[in-house]
Structure formats: C-alpha cells, structure tokens
Amino acid sequence: MQRKNVLLWISAALVYLFLYLPLVIVVVFSFNDSRLNAEWVGFTWKWYGKLFHNQEMLTAAMNSLIIAGVSAAVATVLGTLAGLAMEQSRQRLLQMLVLAPIAMPEILMGVSLLVLFIMVNMTLGLLSIMLAHITFCIGFVALAVQARISSMDPGLVEAARDLGASPWRCFREITLPLLMPGILAGALMAFTLSIDDFVITFFTAGVGSSTLPLQIYSMVKIAVTPEVNAVSTLLMLLTLVVITVASRLSPAVFRGE
Amino acid sequence: MQGKSWSKYLLSLPPMAYLLIFFAAPTLIMLFASFRYPGEYGGLAPWYLQENGRITLDLTLENWQRLLCTDIYIRLFIKSIGYAVAATLICMVMGYPLALMIARSGRKSRDLLLLLVILPFWSNFLVRIYAWMIIFSPVGALTRMLNGVLDLFGVGPVTLMYSPTAMLVCLVYVHLPFMVLPLYANLEKHDLDLLDAAQDLGAGKWRRFWLITWPLSLSGVIAGSILVFIPVLGMFAIPDLLGGTDGIMIGNVIKQQFMESRDWPFGSVLSMVLTVTAVAVVLLGSRLGQRR
C-alpha cells in the first residue's frame, strides 16, 4: 500500500528547494553581465574568459588536478588493501585507524599534520598536501571496497579453490575483477574528495602551492565576484561528472553508510 | 590454516603503517605539544634544555591552566556546542520528512530522489558557503526584499550577512545530507505491515508515527545527529566567512592559534579538548544506538 501524505510531500519539496536554489543562483550569476551578484543584467561568457586568463587560477587548477590524481591513486591502493583486510578478519586497530579520520572534525587532522610536517622540517607544498589527502581518502576507499566485498558471493572463490586455483590466481581472476567497480568508485570518490578539500589543505599548503578551493577562499575573503561563480560552476560540473560515473559503477556505496 | 594468519597482516600492514604515521602519530604529537612552551617566533620551543651536557625536560602545565583559569575559552566551547546542537536539531526537523518521503516512495523514484539529496553534498564545500554569501549579501534580493517589508512597518533596515542567523542557515545547508542519508537507510527497512496493523486497530496518523515509526528510527536519528554534530563543532570556514564577530566558534580560535598568533601549544590544548569531545560524542552515540 502506498501512503501519500500531502504535508510530507510539500515539506520534502521545500527542502529540495532549499538544497538547490543556492547552487542555481551561483550558476545563473556566473553568466550575468554585472560585477554585482544582485540583479540579472544580461548574458555573458566574459567571467569564464577572464578565468582562463587568470594565471594564478590556472596554476591552482593544475595543482588541484595533480594532487587529486596522485592522492587518489595512492589512497586507492592503500584503501583497497585496508578494505580487503577488514573484510577478511576483524582487526580492531585497523578498523579504528581507517574510520577515525572520517569521524573526527577535519580541522584536527589539518593542524596535527601541520605540526608533524613542521616537526620533521618538511617544506609545506604539493607533497605535504598529497600526504594529508591520502590520509583522509583511505577510509572512504576502504568503505567502498568493503561494501562491494560484502555483496559478493563467497561461493565463487571457494569453487575456484576447490577446482585447484592458487590463492593468488583466485584473487587475480575472481576477487579483483568482481571488486573492480567498488575500487573504481572508491578511486573517483577519493579524487573528488581531494579536489574539493579545503580545510585540511588550508593547514598543509605552503607558499605557491595554492589549490582551487584555497584560491576561491582567498577571493571570497576579499569580495564576491562573478569570477568566483564561474570557477565554482566549472568545479561543480567536474564533480557532477565524476560522481555520476562513480555512482553508476557502484550504486550501493552512495546509498549512505 | 597457518598461511592465512600472516597474509592478513600483509594486507593490512601498508594502510596501517600509513595511518599510524599520518593519523595516530600526529594526534599523539599534538597531545605532547600541549605541554610544551611556545617558540619565540611561533611554533614550539624545544622540549628539553641542555645545560653543561645535562639534558632536562622543559615541559609545562601553563597551557592547560590558561584554558581553565579564564572562562573565555570554556564559554566559547559551550557556545560552539550550542551552535552544533541547534544545527543538528534543525537538520533533524528538515531532514526527517524528506527521508521519510523518500523511503515511502516507489522503488524507481527512490534512487533518483536520494541522488538529488547527495548531489549538492558533493559540490564544493566553499561553493556552498559562497552561495549563501550571495543570498545574504546586502545588495542581494533577499535583504532588499526583507528591508522593504520591514520598512512598511517602520522598522529600520537589517543586515543578514555576518550574523549568527546566516551562519546557522549555512551550517544546516552544508550538513543536511549527513542527516538524511542515515535516516533514509533506517526508514527504508521498516516493516510497513506494522503501520497497517496499527491503522486497522484504529490508530490515527500521528499516533502511528509517534508509537511506531519514530521509536524504530531512533538509531538512524542518533547516527545522523553524530554525523552533523561533530563536523559542525569543529567548523571554522562558515563562521569565518558568514558569522562576523559574534559568530566565532572554537574552530576559529584553533585556526587563529596555529596560523595567526602562532601559539601552537595553546592551539594543541584546544584541539585536544575538541578531540576528546568528538570521541565522547561518538562513544555515547554508539552506546545509545546499541541499546535500541
């Protein structure tokens, strides 16, 4: 029996409006021919044009892509191992280490890594940001991989073992291909988390290693300009594409843990 | 099966080592830093003194005393907890009907409706804050409209930007999906026959909700509340960009200690208090959740 409740539907519709209206405003004003984000004046591409001539912005975008690519790659390997290990046996320490960084406020990881990097005399830059991003991405990849393993039929591996396949061959030819969608979804998730991260990057970045979110932050601190709308719109578009692909690969991962 | 026992550690060793170095160690280093003296030019002073070849420890309780002796920081913590509680409650009131609606709609539309909740959550954190800076801006349509209405009643103009209200709206906006997802995961599993049975026995709509749906959903409510409460408690960007001078939270002071005043030992003290609070909330929540 379907329960239709008008009050419930109206309140839900209002919440959707609340979720989307602000983002729509950002996108719409990125095409507005006025420096003020206040009234619609006319359509223009000029803020996007300005963006592509803004050297600082381009460098930041490049940094963001490099950091996200490397962090996602390393976190995917480590996170997959962690996911496999967590599924095979209950290791409390590993479980705690994987989940705690997700549960703690981000600022704590930011400042504690800052203290660590300074203590070992490391120059803050792309490398320190990557090391930090890998730390918080591992858990998300591990969860994605774990979700995939638990939906797998253990009988397949057992059957292969019974037929005489070595454990390594079993892993390579059965477990790994079956896990692939989970691993890829985890990798894409890590990529977006890294490219979007502001708080932890804020504490672990050095001079000349600005990323897109840091660039947006410093622009927004000074003034609200349509250029920020333009870069925000592009960033949203990128995330949208990556997340759509990831959720196609592994829908279970995106259904809330 | 002897081969298996070492192979499981082979798998877990690399991620474990990484997280020990970059997560566990920094946390312990920070605990240690909270007992050190601040460095002359910011950062940390050496933790030992070397005199005539003798090495003595140079640690202090001053940083912790500073936390406890003045009430500014305690009050700031309480205020931050207040904001976190308020944001959690508002998220619950807004998120519950939405999660319920999604859980009760048809199989096909469910996935789409859920995706629509998750999508804004994946758009950049700063972009979502920035959106509210536009909405609340003094030249923005909302402020002008509101002041137009207020003017009719002879009330002076108000500014929305840089106020605790603006901050709270944005805190709710950013964290709402954290509430909706666990709630949905819980509500979706409910056995609808229970509601039908209650209806057949004559229970009204609200009675059915409060006696069946709500008690069954409590573990989802707790999970969602933890997921909203903890990140809000440690927030610094939203108060920084939208809160103005009244909207300072503990995260802002931590940021200030590490980036501007560069008093790392005291920043470490505040961070440790935040860590302990967050851990306590998680433990309390999982204890409460298990009892259900």
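Axes are lines fitted to C-alpha atoms, for helices over the stretch in contact, and angles run from 0 to 180 degrees between N-to-C directions. Helices (H or I, at least four residues) and strands (E, at least two) are DSSP runs, numbered from the N terminus. This is a predicted model, in which local features need pLDDT of at least 70 and side-chain atom pairs count only at pLDDT 80 or more, while totals for chains, interfaces and linings use all residues. Residues are numbered from 1 along each chain as its sequence is written, and chains are lettered from A and ligands numbered from 1 in the order in which they are written.

**Figure 1. Helices H4 and H7 of chain B.** The axes of H4(B) (residues 107–122) and H7(B) come within 10 Å and cross at roughly 150°. The two helices are therefore roughly antiparallel to each other; angles over 145 degrees count as roughly antiparallel, under 35 as roughly parallel, 65 to 115 as roughly perpendicular and the rest as oblique. Their crossing is left-handed, a term used if the near helix is turned anticlockwise from the far one by less than a right angle, with right-handed used if clockwise. Leu114(B), Val117(B), Ile118(B) and Phe121(B) of H4(B) meet Pro177(B), Val180(B) and Tyr184(B) of H7(B). Residues are in contact if their C-beta atoms, placed from the backbone, lie within 7 Å. This contact of H4(B) with H7(B) has seven nonpolar, no polar and no charged residues. Here Ala, Val, Leu, Ile, Met, Phe, Trp, Tyr, Cys and Pro count as nonpolar, Asp, Glu, Lys and Arg as charged, and the others, Gly among them, as polar.

**Figure 2. Helices H7 and H9 of chain B.** H7(B) (residues 164–187) and H9(B) (residues 205–233) have axes that come within 8 Å and cross at roughly 155°. That makes H7(B) roughly antiparallel to H9(B). H7(B) passes H9(B) in a right-handed crossing. Residues making the contact include Leu171(B), His175(B) and Phe178(B) from H7(B), and Ser217(B), Gly220(B) and Val221(B) from H9(B). By class, the contact of H7(B) with H9(B) divides into 13 nonpolar, six polar and no charged residues.

**Figure 3. Helix H10 of chain A beside helix H5 of chain B.** H10(A) (residues 212–222) and H5(B) (residues 125–136) pack at an angle of about 20°, with their axes 10 Å apart. That makes H10(A) roughly parallel to H5(B). The crossing is left-handed. Pro213(A), Ile216(A), Tyr217(A) and Val220(A) of H10(A) make the contact with Leu126(B), Tyr130(B) and Met133(B) of H5(B).

Figure 4. Which of the residues in H5(B) are buried? Leu126(B), Val127(B), Arg128(B), Ile129(B), Tyr130(B), Ala131(B), Trp132(B), Met133(B), Ile134(B), Ile135(B) and Phe136(B) are, so eleven of the twelve residues of H5(B) are buried and the helix is mostly covered. A residue is buried if 20 or more other C-beta atoms lie within 10 Å of its own, exposed if 12 or fewer, and partly exposed in between, with C-beta atoms placed from the backbone. Gly154(B), which follows H6(B), has a positive phi, near 75°.

**Figure 5. Two loop residues with positive phi.** Most residues other than glycine have a negative phi. Asn121(A) has a positive phi, near 60°, and is found in the loop between H5 (106–119) and H6 (126–150) of chain A. Asn121(A) counts as exposed, with 6 C-beta neighbours inside 10 Å. Tyr162(B) has a positive phi near 55° and lies in the loop between H6 and H7 of chain B. Tyr162(B) is partly exposed, with 18 other C-beta atoms within 10 Å.

**Figure 6. The side of chain A that touches chain B.** In all, 70 residues of chain A are in contact with 73 residues of chain B. Helix H1 (residues 6–29) of chain A gives the largest share of the chain A side, 13 residues. That side has 53 nonpolar, 13 polar and four charged residues.

Note on methods
Two residues are in contact if their C-beta atoms, placed from the backbone, lie within 7 Å.
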